[in-house]
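Please open the model in a viewer and keep the selection tool at hand. The tour below moves from the whole chain to single residues, naming at each stop what to select.

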Amino acid sequence: MKLGYTIIYVADVPATVAFYETAFGLKQRFMHESRLYAEMDTGVTILSFSAEEAVELGEVTFSRNRREARPAGWEVCFVTEDVKSAFDRAVSHGCVAVKEPHEMPWGQELSYVRDLNGCLVEIATPMPAKTSDG
């Protein structure tokens with residue numbers, strides 16, 4: 001088994017796609033003609049957005065993501081070699097800064113922002129390669 005999709009339920013799929021294109025430099029990979037579902041070109045694992053009303057048609061209940069609410073206990077993480085530039089771009093295009101870029105004890109640099117839906121987005125360098133001593 002492998003992870004194929006992360007699907008975020010949002011109030012407005014086209015607005016979220018446009019936001020991710022501008023704030024994170026991603027490209028839209030697919031959008032259904034109903035505009036209730038879209039996918040971003042993010043590599044092997046697909047980041048997609050589904051309209052809240054589409055999910056509710058399946059009688060699935062969930063907590064809505066909203067900027068004014070506390071973020072849910074999950075995140076999307078984008079990996080880049082230049083965290084500071086990606087963080088600055090995201091904030092200058094409407095993301096809310098949560099945590100400035102900083103280095104973690106294991107050598108990874110990371111930062112956090114919230115998107116237009118209030119979802120937590122991590123921007124980080126790749127995990128450092130494991131050394132021979134640990």
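Colour the chain by secondary structure and follow it from the N terminus: the elements run β-α-β-β-β-α-β-α-β-β-β. In this predicted model, that amounts to 3 helices and 8 strands. The radius of gyration of the chain is 16 Å, close to the 14 Å that the globule rule gives for 134 residues, so the chain is as compact as a globular protein of that length. Along the principal axes, the C-alpha atoms fill a box of roughly 50 × 35 × 25 Å. Of the 134 residues, 33% count as buried. Among contacts between residues at least 6 apart in sequence, 52% join residues at least 24 apart.

Next, select residues 2–126. An unreviewed UniProt entry places the feature "domain: VOC" there. Over this stretch the chain is 22% helix and 36% strand, and its end C-alpha atoms lie 20 Å apart.

**First sheet**

Select S1, S2, S3 and S4. These 4 strands form an open sheet with mixed pairing, in the order S1-S4-S3-S2. S1 and S2 (27–31) stand at the edges with a single partner strand each, so one side of each has no neighbour in the sheet. Neighbouring strands here are turned by 25° against each other on average, direction ignored.

Zoom in on S1 and S4, which run parallel and are joined by 6 bridges.

Is Ser50 buried or exposed? Its relative accessibility is 10%, under the 20% cut-off, and Ser50 therefore counts as buried. Beyond its neighbours within four places in sequence, Ser50 is in contact with Ile7, Ile8, Tyr9, Val10, Val13, Leu36, Tyr37 and Val55.

Select S5, S6, S7 and S8. They make up an open sheet of 4 strands, ordered S5-S8-S7-S6, with mixed pairing. Its edge strands are S5 and S6 (96–103), each of which pairs on one side only. The twist averages 15° from one strand to the next. H1 packs on this sheet, touching S5, S7 and S8, and its direction makes about 25° with that of S8.

For an antiparallel pairing, display S6 and S7 (residues 109–114), which are joined by 5 bridges. Glu103 has Glu109 in S7 as its bridge partner. For a parallel pairing, turn to S5 and S8, with 4 bridges between them. Here Cys77 is paired with Glu122 in S8.

Stay on S5 and show its side chains. In a regular strand the side chains alternate between the two faces of the sheet. In S5, Val76 and Phe78 form the covered face, whereas Cys77 and Val79 form the uncovered one.

**The nonpolar core**

Which residues have the most contacts inside the largest nonpolar core? Select Ile8, Tyr20, Phe24, Leu47, Phe49, Phe78 and Val113, which hold that place in a core of 24 residues. S1 (5–10), H1 (13–24), S3 (37–41), S4 (46–51), S5 (76–79), H3 (83–92) and S8 (120–124) each supply at least two residues of this core. The largest share, 6 residues, comes from H1.

Centre the view on Phe78. Leaving aside neighbours within four places in sequence, Phe78 is in contact with Tyr20, Phe24, Leu26, Thr42, Leu47, Val121, Glu122, Ile123 and Ala124.

The last stops concern the backbone. Most residues other than glycine have a negative phi.

Select Arg35, in the loop between S2 and S3. Phi of Arg35 is near 65°, a positive value in a residue other than glycine. Arg35 is partly exposed, with a relative accessible area of 47%.

Finally, select Glu59, in the loop between H2 (52–57) and S5. Glu59 is not a glycine, yet has a positive phi of about 60°. At 73% relative accessibility, Glu59 counts as exposed.

Notes
Residues are numbered from 1 along each chain as its sequence is written. This is a predicted model: local features need pLDDT of at least 70, side-chain atom pairs count only at pLDDT 80 or more; totals for chains, interfaces and linings use all residues. Side-chain values use heavy atoms; hydrogens and water are left out. A nonpolar core is a set of buried Ala, Val, Leu, Ile, Met, Phe, Trp, Tyr and Cys residues joined through side-chain atoms within 4.5 Å. Buried means under 20% relative accessible area, exposed over 50%, partly exposed in between (1.4 Å probe, protein chains only). Contact means heavy atoms within 4.5 Å. Two strands pair if DSSP finds at least two bridges between them. Axes are lines fitted to C-alpha atoms, for helices over the stretch in contact, and angles run from 0 to 180 degrees between N-to-C directions. UniProt positions are given in the numbering used here, feature names are shortened, and annotations may be inferred rather than shown by experiment. The radius of gyration is taken over C-alpha atoms; the globule rule is 2.2 Å times the number of residues to the power 0.38.
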